[in-house]
Amino acid sequence: MDMRCFDMGQIDIAWCPGCGNFAILNALKQALSELEIKPERLVVVSGIGQAAKAPHYYRCNLFNGLHGRSLPVATAIKAVNPELIVIDESGDGCMYGEGGNHFIHAIRRNPDITNIVHNNMVYGLTKGQASPTSLQGFKTLVQREGVFHEVFNPLAIAISLGASFVARAFAGDVAQTKDIIKEAISHKGYALVDILQPCVTYNKLNTYAWFKAKTYYLDSSYDPHDRNEALRRASEVEKLPLGIFYLHPRPPFEEKLSVYQESKDPLYKRSPDLKKLSEWIDSKRGV
Amino acid sequence: MKSDLRSRFNDDVSIVLCGEAGQGIQTVEHILTQTLIRSGYHVFSTEEYMSRIRGGCNSTLVRVSSKRVAAPVDRIDFLVPFSPGAVHHVHKRISSETILLGEKKNYGNGYQGENVIDIPLSEIASGVGGPIYSNTVAVVLLARLLKVEKEVLDPYLRHHFAGKDETIVRKNLEAARRGYEVSDALLRQGKIQIGLVNHNEVRDEILIDGVEALAMGAMAGGCNFLSFYPMSPSTALAVLLAEHSKEFGIIVEQAEDEISAMNMGIGAWYAGARGLASTSGGGFALMVEGLSLAGMIESPMVVHIGQRPGPATGLPTRTEQGELLFSLHSGHGEFSRIILTPGTIEDCFYLAQKAFDLADRYQVPVFILTDQYLLESHYNIPSLDPARTPLQKHFVETKQGYKRYQFTESGLSPRGIPGFGEGLVVLDSDEHDEEGHITEEMNLRTKMVSKRLKKLDLLKKDILPPELVGPENYKTLIVGWGSTYPIIKEALERLGRVDTALLHFKQVYPLHPNTVGYLQKAKKRVIVENNGTAQFGQLIRMQTGFDMDHKILKYNGLPFSVEELEERLKSVLD
């Protein structure tokens, strides 16, 4: 499929030159076209932030909602029309900060959606505050003595909750990121792709060079079905592993819903059974 | 025991069951009301209870009548205490004419009333097999006093205990037999004479409570997605819809919090479903940001708030009409909404149904405000007609180049859904252009704000009118909204004034234009509300400039009783 079907033409992209978002956008468009996913069938849900603007820059159905609240929206969209391909694309502030509770419970529910998190370890759009994934010691105008909170580890959390697909990528490696995204979209169930990226304007610590030096790919000998091993790797801080950490196939949320047991129709095609309703009402009659 | 009680029980009998949570009082109420209606009597029941699972003290009122009843009374004709604290709990309502049916250990030596009929419930129950069986004895006793035939009682008891362990069924039938013995003996003494009139057609009527009607109405309105977080008194709605989830094809999801519940509901509408979020005031507090989202993206949404006393945790199991202004003003920014306020059990059905149509048609959030009292009161109604608001789906199939926020004459743009048609449906919580993409262009911003606000013009043409009950040439107008309707109505009937009418609102926002005319005609305006600040009175003032001359407010967590309202109305009317 031609990637150009995602092109938006002449648009004003509100990202800084050199932003990691461009690379992620590229990788995603490539992944979508290699998977032959047409824009009309695709729904992208995002929160608020620079990352969350990404879906405005490729053709798709888009629900750009509230900061941190994309996962409940994405879950419901997929639940009421499982024929749609649903991606939830936002930043680390949305997903791990404001939306932390939804992150946890989306993993538990396991809707068949792909959760792409642009993780630049800072709040870019609001001009440089720390994010849950900022490293300890990271100094900002608010965290003046340097961040001293324990670093939020989304991979470890996801793995310990039994997430069905957990992966990490690096925006600087477009080809590998594209491959990981493809696996995630193809996966049946909730798929987390935490994509490390630099913020060229506000994060002078975790730069392209820093990531390049501090990351390595899990190789073919790695077994993603081993939870303990996955947790061990997810907890590594000297060098951050990249690739698919954990696979734990579970039935997706939509498949467990009783509404699809007899009919596969999305809900918009259905109407209430008034005859059954009358029967329910009549069951409350005296005789 | 007073000799002549006959005259009091020709129209209306009030029975109060009172005891601890977990004693099975609700079972007694259930069997009693079910057998009463099957005997052709009009029934009304309501309960007040504490926020606990065992212990404390709760009371249930059952009114039986020759004519329709739908309001609580303070008066107690028959009191059945199930625990030692019961008599004290309702002592303010006991009169010299109240008849107590119970045992010494529950009414004690302190009971001053003359009319005690000692029924050794515990002793009988022990004889059958345990204290729980006293409930069946009590229910049979009461039913028989009210002239429920054995031909009605026996089959119903068997039906009620069907499916339970054989021993339990047998013991309950034995308890019933003992109940018959006691009641037959009592009836033979002739001390209690009840002359209620029963009606054959009533036997076939529907006996439900507000939350059941709400659930059925939601189904009739095409609801197929409910998201919620458990919170009294709204949880029962989710339980009911979950029960019927498979049968009716409705997704019921318990969210991790109310923020999620609200966002899920909006996501569901985006993809073509009809979503409902159900909660109480404190849960709605968390849904407020989501409400603003619905307003900005012009999404339909239906929110049910089962009101209870606040602020914060308040009184979890009690009733109040406290969230009217909250639902009116909530959500940052400016956008339209509709607020429906059912007054009766039928209203719960029809307004729930209508809410989905209004939400879909006008692409706005629609509130259904109920309260603990309305949700949990039962009375019989003749019918519910799902065909009253025919189901119409208002979303469209999109074509290429579809723009979700296309400017139109009315301000309302055709609403597409993803995956239905060739277009793309783009929504944004930021200010957006016609296509739905982010914009900061100021002229466009102004146009979009105007577009969203213009919707109010459409809403104003489609408002449920208030109902005037009483003389058209009234001098005094009593204004009410929501669940106070039947109570005000009965109080006014008792007062029998030819110069006073009730104006009841099933929709408080937008406010019907006829409101001004009604208020203008009145020489005196009285508002009745279950809150401390006369919230609807404030709304009326805001929208019309009219002040209320008197406010009758109650905010102790209980609904008005007919007698109480009658008293308080009398003092302002004279």
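How many salt bridges does the rule find across the interface of chain B and chain A? In this predicted model, the count across that interface is four, and the close-up views below are described with the contact as their subject.

View 1. Chain B brings 68 residues to the contact, while chain A brings 50 residues. The area buried between the two chains is about 5100 Å², and carbon and sulfur atoms give 64% of that area. Within chain B, the residues that lose the most area to chain A are B:Ile251, B:Glu256 and B:Leu424, which together make up 12% of what that side buries.

**View 2. A salt bridge between A:Arg69 and B:Glu289.** The closest N and O atoms of A:Arg69 and B:Glu289 are 3.4 Å apart. Polar contact across the interface of chain B and chain A extends to 27 residue pairs, with both residues at pLDDT 80 or more.

**View 3. The side of chain B that touches chain A.** Several elements of chain B each supply at least two residues of this side, among them helix 8 (210–220), strand 9 (251–254), helix 12 (281–297) and strand 17 (426–428). The largest share, eight residues, comes from helix 11 of chain B. Sorted by class, the side of chain B that touches chain A has 36 nonpolar residues, 17 polar residues and 15 charged residues.

**View 4. Strand pairing between chain A and chain B.** Strand 2 of chain A, residues 61–64, pairs with strand 17 of chain B in the parallel sense, over three bridges. In strand 17 of chain B, B:Leu427 is the bridge partner of A:Phe63.

Technical notes. Residues are numbered from 1 along each chain as its sequence is written. Chains are lettered from A and ligands numbered from 1 in the order in which they are written. This is a predicted model: local features need pLDDT of at least 70, side-chain atom pairs count only at pLDDT 80 or more; totals for chains, interfaces and linings use all residues. Side-chain values use heavy atoms; hydrogens and water are left out. Contact means heavy atoms within 4.5 Å. Buried area is the accessible area (1.4 Å probe) that two parts lose on being put together, summed over both. A salt bridge is a side-chain nitrogen of Lys or Arg within 4 Å of a carboxyl oxygen of Asp or Glu. A polar contact is a pair of N or O atoms within 3.5 Å; within protein, one must be able to donate a hydrogen and the other to accept it, and residues adjacent in sequence count only if both atoms are side-chain atoms. Helices (H or I, at least four residues) and strands (E, at least two) are DSSP runs, numbered from the N terminus. Ala, Val, Leu, Ile, Met, Phe, Trp, Tyr, Cys and Pro count as nonpolar, Asp, Glu, Lys and Arg as charged, and the others, Gly among them, as polar. Two strands pair if DSSP finds at least two bridges between them.
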